Each structure stands twice: as structure tokens, then as C-alpha cells.
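Subject: Handing over the structure

Hi,

Here is the structure I promised to pass on to you. Please open it beside this email, and then read on for what turned up in it.

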Amino acid sequence: MIHEMPFVFETGPMGSGKTLQLIVKAYQAAEESRRVVCLQSALNTRDSGIISSRAGLKHPAIVIDPNFTRASLVELLQNADFVGVDEIHLFREEIIDILINLYKDGKQIVVAGIDTDYRGEILDMALSLMRIPEVHIVKHTTVCAVCGKRNAHRSQRLRNGRPVSRKEP
């Protein structure tokens, strides 16, 4: 099947606009009268049931339990035209297979999530997405806390308000 829209992975550090782009794409799909379903992990500690960007844009989301079953997720998404997943790194990797099958069935898929930890180590979920030829990766940067320029490629981890070194857990 030839797709009008790629399977998109919006990635980068915290505060880089990943979720903002997911919300914009979901809004655009809804404007086209397409059925939009956005998912959020129950592990997310921000705004349960609402995907929200730091810029202030919001979109409703269905909260998914970490112990979801494949059948329940497929049933939930079967009538959607657009599927958005925020904080993809908080889901089990099984979701990737479900999403790629939905994509092959003609649904537009957009996922957002971080790709590396504070050490710059690539996360398993990001690596799994990057291995799929159909996935279009959009890498975002954020403002560096040290120099003030939009050139930061990873999130800074803090402990008691101070940066944690790469060598610390």
C-alpha cells in the first residue's frame, strides 16, 4: 500500500517540541474529518488523559495501562484513521508491531518520545523504531541550559538541582 503520510517518530530531548508536533498533526487530521485517537501511557505523570505540550497546546488522549493486551489495543485503534502516541518510550515494545500493522492497513501513525537518556545512550524503544524502514525520524533539539542555544540533543538529569554526570546512575 502506498501511503500519503509516513509513519513518523518525533524524537529529541525533553522540551524540544516532540509533543507539540504530535498535537499539530493530530489537529490537522481532525480538521480533515479523520478519526483521531491519541494514546498516553498510564506511567506518564503529567496530565492524565491529556497530551500537553510545553507551548500550551493540548489534545485528549486515552490512557493505556502498562499491561495492555494486544487484542484490546488493536480493538481500540481499529476504527482510527490517525493514531498518535505520546511518550512512546513509556510503552512496552510490543506496541511497535501493533502500530506498524496499523500503518500497513493505511492508518497514519505519529509517535513522540525521547531517543536517548541523559548519558546519550540510545533507548531500546527508539532503536527499535529506527530499525523500521517505513519510519520517518524527525530529530528535534532543545535549548541548552549552559549556552542558551537550541543545540541540545539530550535531556539533562538533575539531582538536588545539580546536573548528574554521565558516570552516575
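This is a predicted model: local features need pLDDT of at least 70, side-chain atom pairs count only at pLDDT 80 or more; totals for chains, interfaces and linings use all residues.

**Helix H1 and its residues**

Leu-22 has a relative accessible area of 1%, so it counts as buried. Leaving aside neighbours within four places in sequence, Leu-22 is in contact with Ile-51, Phe-82, Gly-84, Val-85, Asp-86, Val-110 and Ala-112. Between the C-alpha atoms of Leu-22 and Ser-53 there are 9.2 Å in space, while 31 residues separate the two in sequence.

Thr-19 also has its place in helix H1. Its relative accessibility is 8%, and Thr-19 is therefore buried. If residues up to four places away in sequence are not counted, Thr-19 touches Ile-51, Ser-52, Ser-53, Asp-86 and Ala-112.

Is Glu-31 buried or exposed? Glu-31, found in helix H1 as well, is exposed, because its relative accessible area is 55%, and the cut-off for exposed is over 50%.

Six strands make up an open sheet with parallel pairing, in the order S5-S2-S6-S7-S1-S8. Which strands stand at the edges? They are S5 (62-64) and S8 (135-139); each has a single partner strand, so one side of each has no neighbour in the sheet. From one strand to the next, the twist averages 20°.

Strand S2 (residues 36-41) and S5 run parallel and are joined by three bridges. Here Leu-39 stands opposite Ile-62 in S5. Helix H1 (residues 18-31) packs on this sheet, where it touches S1, S2, strand S6 (82-86) and strand S7 (108-113). The direction of H1 makes about 160° with that of S6.

**Helices H2 and H3**

Helix H2 (residues 70-77) and H3 have axes that come within 11 Å and cross at roughly 35°. This crossing is right-handed. On the H2 side, the contact is made by Arg-70, Leu-73, Val-74 and Leu-77; on the H3 side, by Glu-94, Ile-95, Asp-97, Ile-98, Asn-101 and Leu-102.

Which residues of H3 are buried? They are Ile-95, Ile-96, Ile-98, Leu-99, Ile-100, Leu-102 and Tyr-103. The cover over the buried residues of H3 includes S1, S2, H2, S6, S7 and helix H4 (124-130). Just after H3 comes Gly-106, with a positive phi of about 100°.

**Aromatic rings**

How many aromatic pairs does a search of the whole structure find? It finds one. Because Phe-7 lies in strand S1 (residues 7-11) and Tyr-103 in helix H3 (residues 94-104), the pair ties together parts that are 96 residues apart in sequence. Both Phe-7 and Tyr-103 are buried.

One more ring to look at is that of Phe-68: the charged end of Arg-92 sits over it, 4.1 Å from its centre.

Terms used
Residues are numbered from 1 along each chain as its sequence is written. Side-chain values use heavy atoms; hydrogens and water are left out. Rings of Phe, Tyr and Trp (its six-membered ring) pair if their centres lie within 6.5 Å; planes under 30 degrees apart count as stacked, over 60 as edge-to-face and the rest as tilted. Helices (H or I, at least four residues) and strands (E, at least two) are DSSP runs, numbered from the N terminus. Buried means under 20% relative accessible area, exposed over 50%, partly exposed in between (1.4 Å probe, protein chains only). A charge sits over a ring if NZ of Lys or CZ of Arg is within 6 Å of the ring centre and within 35 degrees of the ring normal. Two strands pair if DSSP finds at least two bridges between them. Axes are lines fitted to C-alpha atoms, for helices over the stretch in contact, and angles run from 0 to 180 degrees between N-to-C directions. Contact means heavy atoms within 4.5 Å. A crossing is left-handed if the near helix is turned anticlockwise from the far one by less than a right angle, and right-handed if clockwise.
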